[in-house]
Amino acid sequence: MIQNGSRMNPLAAIGRSTITFLINIGRVVLFALSTICHCLQPPFYFRLILRQFIEIGYNSLPIVGMTTLCSGMVVALQSYTGFAKFFAEEAVATVVVISMLRELSPILTGLMVAGRVGATMAAEIGAMQVAEQIDALTTLSTNPYKYLIVPRVIASIIILPFLVLIGDITGVFGGFIIGIYKLNFNPASYIFFIVQYLEKIDVITGMIKASIFGFLITIMGCYQGFNARKGARGVGVATTNAVVTASIMILLTNYIITEIFFIN
Amino acid sequence: MTNIIKLRIRNLKKSFGSKVVLDGVNLDIYEGKSLVVIGASGTGKSVLLKCIIGLLKPDSGVVEIDGKNVISLPSYEREACMRKFGVLFQGGALFDSLSVWENVAFGLIADRDINRSTARSIALKKLAQVGLNEDVANLSISDLSGGMQKRVSLARSIANDPKFIFFDEPTTGLDPIMTNIINKLIVKCTRDLGITGLLITHDIGSARKIADRIAMLYHGKIIWEGAVNKIDTSGNKYVNQFINGEAELR
């Protein structure tokens, strides 16, 4: 009776949810710390790291390219509409460059990779967990962290900055296409404005963001996969959680990094 | 009969929350012999196996392998200990991203750091020992039937020439003919190669064919243990109920 009563008490329910939430945060942090330790110790499975470069980097190129190209085009169109009211159309190139390099390219790349790769990791590792394949790894003298997680983490941290760099180029190129063919800018002056406002720090912060996003995406994907409950539903829930938590963490971390680098 | 105890389990306990699964299990397994642990579904047979091979940490108790308590070992020593083990999981637990021979050779490549061509030739020998020829070596796991997957899993478990081999419900989900084939292969791999075996199952037919000794797990304790030919005269009502498949106790 007491248990039933406490279950119906909204304050007790909030308390329980808060404790569960904090426990989960603690587990993720421990998982991340353990992964970092394993990343620093041999053995390293270079063949698997190479495979992850292809899976995470090369196979994500089309979706990242398309997303950033379209975003660059939209930013050019929208900013032209706004700036035309103040007779400041020449600022279009500047806005496209700054918004793509600082924010849109890292964020969109992070979210796209979280959706594509984070979900795949959670589903793959979750299915392995359910099928006892992770237990089998342990019995075959193979540390599952080193075999399954470390290659994914290392590959993500290294390859995501390059994906963002490509996203920067395609995004700015998208703005250029709209500027030249739709808004009738002079190509030479458009490129002049791009180069004038292109700063090294914007490119570097975008790449730093990408590395951190890569770490977050793989940690959340692998953590959810490792902790998937048995059955098809368990794997499905793990996949959803991986994408949702990684996306939220990307958005939060992006704000924190922007605050550190640009608001001073 | 050799009287050297290779695996000694004393007062092994494991609970999940308030649910007590293992409540002081005691077992001895002799060198080169096979012990089969029988028991109804959900009695903790798989938990017992996982505690022995180190996939679960018991709450208390002793698991001695060759006289050394392995529960308190640090992880690197525990990993070295794992090299003595071969494990056949209930569902096979084969890696579906790898081919058949890569599955069999997985432990060899990971553990001994030998080159792939040598590992492949060893894998082919092990596949031949379980009745599979070279044609299946390059197939994907999803191309194999359930019985073939069990054979590949058996080949993987003996690939490292283990001193101990553990079987978790090896015949579950197989037809009677394939069950018999797998039973014979297990006997061949344990008796002929002199490997010490522990098998957990609820298939009494398999237990009779494979075991030198049988132990029954009930409510977290071993309630009966004896030679395989003594099981029909055990005098234990729970053992009798289990081997006769009766719905209620007599």
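B:Leu217 stands opposite B:Ile222, a residue of strand 10 of chain B. Strand 9 (residues 213-218) of chain B, antiparallel to strand 10 of chain B, is joined to that strand by 6 bridges. Strands here are DSSP runs of E with at least two residues, helices are runs of H or I with at least four residues, and both are numbered from the N terminus. Two strands count as paired if DSSP finds at least two bridges between them.

The model is predicted: local features require pLDDT of at least 70 and side-chain atom pairs pLDDT 80 or more, while totals for chains, interfaces and linings use all residues. Residues are numbered from 1 along each chain as its sequence is written, chains are lettered from A and ligands numbered from 1 in the order in which they are written, and side-chain values use heavy atoms, with hydrogens and water left out.

**The sheets of chain B**

Strands of a sheet pair through backbone hydrogen bonds, either parallel or antiparallel. A second open sheet of chain B has 4 strands in the order 2-1-4-5, with antiparallel pairing. Strand 2 and strand 5 (68-69) of chain B stand at its edges with a single partner strand each, so one side of each has no neighbour in the sheet.

Within this sheet, strand 1 (residues 5-16) and strand 2 (residues 19-30) of chain B pair over 9 bridges in the antiparallel sense. The two strands form a hairpin with 2 residues between them, and B:Gly17 in the turn has a positive phi of about 65°. Across this pair, B:Leu7 stands opposite B:Ile29 of strand 2 of chain B.

Strand 1 of chain B is also joined by 5 bridges to strand 4 (residues 60-65) of chain B, again in antiparallel fashion. Here the bridge partner of B:Ile9 is B:Val63 in strand 4 of chain B. Strand 4 of chain B in turn pairs with strand 5 of chain B over 2 bridges, in the antiparallel sense, and B:Glu64 stands opposite B:Asn69 in strand 5 of chain B. Helix 1 (residues 45-53) of chain B packs on the sheet and touches strand 1, strand 2 and strand 4 of chain B; contact means heavy atoms within 4.5 Å. The direction of helix 1 of chain B makes about 120° with that of strand 1 of chain B.

**The helices of chain A**

Chain A has 10 helices and 0 strands. Its C-alpha atoms fill a box of roughly 70 × 50 × 35 Å, taken along the principal axes.

| Helix pair | Angle | Axis separation |
|---|---|---|
| Helix 2 (residues 10-39) and helix 9 (residues 200-226) of chain A | about 110° | 10 Å |
| Helix 4 (residues 61-84) and helix 5 (residues 91-130) of chain A | about 145° | 9 Å |
| Helix 5 and helix 10 (residues 232-262) of chain A | about 150° | 8 Å |

The angle of about 110° makes helix 2 of chain A roughly perpendicular to helix 9 of chain A. Helix 5 and helix 10 of chain A are roughly antiparallel to each other. Angles under 35 degrees count as roughly parallel, over 145 as roughly antiparallel, 65 to 115 as roughly perpendicular and the rest as oblique.

Helix 2 of chain A passes helix 9 of chain A in a right-handed crossing. A crossing is right-handed if the near helix is turned clockwise from the far one by less than a right angle, and left-handed if anticlockwise. Residues making this contact include A:Phe31 of helix 2 of chain A and A:Tyr223 of helix 9 of chain A.

**The interface**

The contact between the chains takes 15 residues from chain A and 23 residues from chain B. Chain A and chain B bury about 1,600 Å² between them, 59% of it on carbon and sulfur atoms. Buried area is the accessible area (1.4 Å probe) that two parts lose on being put together, summed over both. In chain A, A:Thr139, A:Leu140 and A:Ser141 lose the most area to chain B, together 37% of what that side buries.

Notes
Axes fitted to C-alpha atoms, helices over the stretch in contact; angles between N-to-C directions.
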